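Hello,

Here is the structure I promised to pass on to you. Have a look at it first, and my notes follow just below.

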Amino acid sequence: MSTAIEVSGVCSTQAWGTIETRYDLNATLFNEYYLRRGIPVIVKNYLRNIEGVDNWGFGYLQEKLSGMNLPLKRFMSDGRIEVEHQAANEYIASLLLYEQNRHLAGDTLDKPAYCHDIPLFCMAEHLIDDVRSIPAGLFPSWYQSAWWRYAQFFMSCTGSCTPLHFDTLLTHNLFFQVKGQKEFVLLPFSESKRCYRRDWRWFDVDPLAVDYATYPEYQESSATRVIVEAGDLLFMPAGTLHHVVTREASISFNVDFHTKSSVLKSFAAMPMGMPAKNVFYNFLVFLGIFGQIPEKQLFRYYRSYLNYIS
């Protein structure tokens, strides 16, 4: 049975309607308007002028990640997440083969697992130079010296899906779509009570195929659908519920981060079932942001979060 959760101010409590689209965004505007106010935004072609990232493609990463073993996920129908491992070059080859043959084989072709939420720049430091041109000013000052350490990487074939959830630490989320296309369904955190929460951060409702007889309260929700294309940047405020479907084979990465406001508000969720590990990781960020402990000193304790499956 679902449990309603209310954390005032984690993100906007009002329905968003259409997500604002921009074609340029500087750090000052982002921080003062969207981040501070908790308003989502999509920036078209943001990565177009970012030197380095434009090299990224499946062939490029197949070469750069050669010899690396990738953790992969499968999201099961009963809510479990199964983890398997495969050599990076073999995985990318299987993904490309699937894309080549999926129209011919239909549902009989086995779908590759999802390379989902892995700390790529910690695993492959030689790729950091590819993203150094992304403006550090998008992130709070505590993260700016090495924001890429907090980045999580995604690679997926057409049809891959991350079910409806919110980010486990109740962080803000900057999502960079490098190749391919994804569809996001977004809801404010205040809509959690209508989405039938399971465990800490997962929900039983499939926003793209809702069984209203089973989930009648979802009829009162106000979901917004957003297509994120190659080169786009999507900002999701802290606590945003999101359901993500890969519409075209994709390469992406995102950065989850806290501000002073969001890390304080995350502690309000402790009585609502936040796992003890989450409290620990949020406390580390609290020490950094408020206690001015350098990021480099705390990251060695925070790093395990990047492989944390919650």
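Is D117 buried, partly exposed or exposed? Please keep in mind that this is a predicted model. With a relative accessible area of 22%, D117 counts as partly exposed, because buried means under 20% and exposed means over 50%.

D117 belongs to strand β5, and its phi is near 65°, a positive value in a residue that is not glycine. As background, most residues other than glycine have a negative phi. L170 is another residue to look at: its phi is positive too, about 60°, and it is not a glycine either. You will find L170 in the loop between β7 and β8. At 1% relative accessibility, L170 counts as buried.

Now for the cavities. The structure holds two of 30 Å³ or more. By class, the lining of the largest cavity has nine nonpolar, nine polar and five charged residues.

The second largest cavity has a volume of about 30 Å³. Lining it are K73, F75, I81, H116, D117, R201, W202, I309 and S310. Strands β3 (69-75) and β5 each give two or more residues to that lining, which divides into four nonpolar, two polar and three charged residues.

Finally, the chain as a whole. It has seven helices and 13 strands. Its radius of gyration is 19 Å, close to the 19 Å that the globule rule gives for 310 residues, so the chain is as compact as a globular protein of that length. The C-alpha trace spans about 50 × 50 × 40 Å along its principal axes. Buried residues account for 53% of the 310 in the chain. Of the contacts between residues at least 6 apart in sequence, 78% join residues at least 24 apart. The accessible surface comes to about 13800 Å², and 48% of that belongs to carbon and sulfur atoms.

Best wishes

Key
Residues numbered from 1 in each chain as written. Predicted model: local features only at pLDDT ≥ 70, side-chain atom pairs only at ≥ 80, totals over all residues. Heavy atoms only, no water. 1 Å grid on protein atoms, 1.4 Å probe; cavity = no way out; pocket = protein on both sides within 12 Å on 5 of 7 lines; lining within 4 Å. Points joined across faces, edges and corners; volume = space filled by probe spheres on them. Nonpolar A, V, L, I, M, F, W, Y, C, P; charged D, E, K, R; others polar. Helix = DSSP H or I, 4+ residues; strand = E, 2+ residues; numbered from the N terminus. Rg over C-alpha atoms; globule rule 2.2 N^0.38 Å. Buried < 20%, exposed > 50% of the residue type's maximum accessible area, 1.4 Å probe, protein only. Contact = heavy atoms within 4.5 Å. Areas by Shrake-Rupley, 256 points an atom, 1.4 Å probe, with all protein chains shown as cover.
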